[in-house]
Amino acid sequence: MKVLSISTSSKLCAVSILENSNLIKEKILDSGLTHSEKLLPLIDDVFKETNLNLKDIDLLVCDKGPGSFTGIRIGISTVMAFSDSLNIPSIGISSLEALAYNVKNPGLICSLIDAKNSNSYFALYKLENNVYTLLEKFCAEHIDTIIDILKKYNEKITFIGDGAIYYKEIIKQAIEKCEFVDNNEINSYNLGLAGLYNYKIGNKNDILPLYLRKTQAERMLEAKLNGNK
């Protein structure tokens, strides 16, 4: 099974093609949030360099958030267009789950994506027998609240994501058994692995955006309306 995996929820624009769990080709651009201009040419380059085309693809995978609102919409709309045009199955995977797949050592894995103002998008997984099981559902919380949730676990926790970088010292002071890794960016290959696994076990992960909290414009409008009451 050939998989086209597209990651656009962060500053990186990344595309991978997999043959089952094997990586055929990966290309990454770190040019800021210009995915609307870069994504389609990047996909085209990957196809050209592998002598493949969209008709060879059996599954489409994209990250559906949390992350950049604009980036998420670009990735999802591209995958939906490809899926509709050739009736290719598609699946959306949380950025938090994709991050967890960066960690290959068994145990607890905490995915953190910075949400500004001491808040973070958060999920906790357990990797056992090559299966990533969600223990704490996706949410957006203050880092102190996240730490309180994690304190009930006595096992070592591996932290991943840019939130793990930003809040590393806070976490180290509060969580005795903790570990940090270097690969804190969403990886389109690992995203593809997560999508392939979920597809094979029959998880019907929808491809709608996973925002977890309101956009900044929505929050500003809500604050303005509340101020006028």
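Biologist: To begin, how many bridges join β7 to strand β8?

Modeller: Nine bridges join β7 to β8 (residues 131-142), and the two strands run antiparallel. Two strands count as paired if DSSP finds at least two bridges between them. The elements themselves are DSSP runs, numbered from the N terminus: helices are H or I with at least four residues, and strands are E with at least two.

Biologist: Before we continue, what kind of model is this?

Modeller: This is a predicted model, in which local features need pLDDT of at least 70 and side-chain atom pairs count only at pLDDT 80 or more, while totals for chains, interfaces and linings use all residues. Residues are numbered from 1 along each chain as its sequence is written, and side-chain values use heavy atoms, with hydrogens and water left out.

Biologist: Back to the strands. Which residue of β8 is the bridge partner of L124?

Modeller: The partner of L124 in β8 is E136. L124 of β7 is also the bridge partner of C110. Strand β6 (residues 107-114) pairs with β7 in the antiparallel sense, over eight bridges.

Biologist: What about the turns? Which residue takes a positive phi in the hairpin of β7 and β8?

Modeller: N129 does, with a phi near 55°, and that hairpin has two residues between the strands. The hairpin of β6 and β7 has four residues between the strands, and there K116 takes a positive phi near 75°.

Biologist: Is β7 mostly covered or mostly uncovered?

Modeller: Strand β7 (residues 119-128) is mostly covered, as seven of its 10 residues are buried. Buried means under 20% relative accessible area, exposed means over 50%, and partly exposed lies in between (1.4 Å probe, protein chains only).

Biologist: And β9, which residues are buried on each of its faces?

Modeller: I157 and F159 are buried on one side, and T158 and I160 on the other.

Biologist: Which strands does β9 pair with?

Modeller: β9 pairs with β6 in the parallel sense over four bridges, and three bridges join β9 to β10, also running parallel. T158 is the bridge partner of I109, and T158 stands opposite E179 in β10.

Biologist: Let us turn to helices. Which residues of α4 are buried?

Modeller: In helix α4 (residues 143-150), the buried residues are I143, I146, I147 and L150. They lie on the same side of α4 because they cover an arc of only 100° around the axis. The arc is that of the directions from the helix axis to the C-beta atoms.

Biologist: What covers them?

Modeller: The cover includes β6, β7, β8, β9 (157-160) and α6 (168-174).

Biologist: Now for a loop residue. Where is N184?

Modeller: N184 is in the loop between β10 (178-180) and α7 (188-200). N184 is buried, with a relative accessible area of 12%.

Biologist: What does the side chain of N184 reach?

Modeller: The side chain of N184 reaches the backbone nitrogen of G161 at 2.8 Å. A polar atom of that side chain also lies 2.9 Å from the backbone oxygen of V181.

Biologist: Which residues does N184 touch?

Modeller: Not counting residues up to four places away in sequence, N184 touches L99, F159, I160, G161, D162, A164 and I165. Contact means heavy atoms within 4.5 Å.

Biologist: Moving along to α7, is A194 buried or exposed?

Modeller: A194, which lies in helix α7, is buried, with a relative accessible area of 0%. Leaving out residues up to four places away in sequence, A194 touches I93, E97 and Y101.

Biologist: And what does S188 touch?

Modeller: S188 is also found in helix α7 and is buried at 0% relative accessible area. With residues up to four places away in sequence not counted, S188 touches S5, S7, A14, V15, S16 and E26.

Biologist: Finally, the whole protein. How many helices and strands are there?

Modeller: There are eight helices and 10 strands. The radius of gyration is 18 Å, close to the 17 Å that the globule rule gives for 229 residues, so the protein is as compact as a globular protein of that length. That radius is taken over C-alpha atoms, and the globule rule is 2.2 Å times the number of residues to the power 0.38.

Biologist: What share of the residues counts as buried?

Modeller: Of the 229 residues, 46% count as buried.

Technical notes
A polar contact is a pair of N or O atoms within 3.5 Å; within protein, one must be able to donate a hydrogen and the other to accept it, and residues adjacent in sequence count only if both atoms are side-chain atoms.
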